[in-house]
Amino acid sequence: MRVSSNPKVEEIPLKNIRRPLGRTRSNDATKVAWLMESIAEVGLQVPIDVLEVDGVYYGFSGCHRFEAHQNLGLETIKCNVRKATRKTLEMHLR
């Protein structure tokens, strides 16, 4: 599995991040509300992790933070970007 070990932190538009697993579970509304308040006051403190495969971003974690950003109407989110191969992406999709 090839994934870059040193992620680069970037602000990425929410619309450019694919969430291929969709909603496999519902987010905790209380946690999302708390995150919305925190993000509005001090900004996102912990970036979400995304894989970059052939210039396309894929998010598999950070669901509550991602939803909080959407609900706040924010256009971008801070991400730890790790370059990965198509094979690595396929492993995440299993």
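Student: Where is E75 found in this structure?

Tutor: E75 is found in the loop between α2 and β5, where helices (H or I, at least four residues) and strands (E, at least two) are DSSP runs numbered from the N terminus. This is a predicted model, in which local features need pLDDT of at least 70 and side-chain atom pairs count only at pLDDT 80 or more, while totals for chains, interfaces and linings use all residues. Residues are numbered from 1 along each chain as its sequence is written, and side-chain values use heavy atoms, with hydrogens and water left out.

Student: Why does E75 count as exposed?

Tutor: Exposed means over 50% relative accessible area, buried means under 20%, and partly exposed lies in between (1.4 Å probe, protein chains only). E75 has 68% relative accessibility, and therefore counts as exposed.

Student: Which residues is E75 in contact with, leaving aside its neighbours within four places in sequence?

Tutor: Contact means heavy atoms within 4.5 Å, and by that criterion E75 is in contact with I12, P13 and L14, once its neighbours within four places in sequence are left aside. E75 and K15 are 60 residues apart in sequence, yet their C-alpha atoms are 7.7 Å apart in space.

Student: What makes β2 and β4 a strand pair?

Tutor: Two strands pair if DSSP finds at least two bridges between them. Strand β2 (residues 17-18) and strand β4 (residues 56-59) are joined by two bridges and run parallel; in β4, the bridge partner of I17 is Y57.

Student: How many bridges join β3 to β4, and do they run parallel or antiparallel?

Tutor: Four bridges join strand β3 (residues 48-53) to β4, and these strands run antiparallel. The bridge partner of L51 in β4 is Y58, and that of E52 is Y57. β3 and β4 form a hairpin with two residues between them, and D54 in the turn has a positive phi of about 50°.

Student: Why do β1 and β2 stand at the edges?

Tutor: The open sheet of five strands has the order β1-β5-β3-β4-β2, with mixed pairing. β1 (8-13) and β2 each have a single partner strand, so one side of each is left without a neighbour in the sheet.

Student: Which strands does helix α2 touch as it packs on the sheet?

Tutor: Helix α2 (residues 63-72) touches β2, β3 and β5 (76-83), and its direction makes about 145° with that of β5; axes are lines fitted to C-alpha atoms, for helices over the stretch in contact, and angles run from 0 to 180 degrees between N-to-C directions. The buried residues of α2 are H64, F66, E67, A68 and H69.

Student: What is in the largest nonpolar core?

Tutor: A nonpolar core is a set of buried Ala, Val, Leu, Ile, Met, Phe, Trp, Tyr and Cys residues joined through side-chain atoms within 4.5 Å. The largest such core has 16 residues, and those with the most contacts inside it are I12, I17, I48, V50, I77 and C79. The largest share of this core, four residues, comes from α1.

Student: How do you know that the span of α1 is close to the expected one?

Tutor: The expected span of a helix is 1.5 Å times one less than its number of residues. α1 has 14 residues and reaches 20 Å from its first C-alpha to its last, close to the 20 Å expected. Just after α1, G43 takes a positive phi of about 85°.
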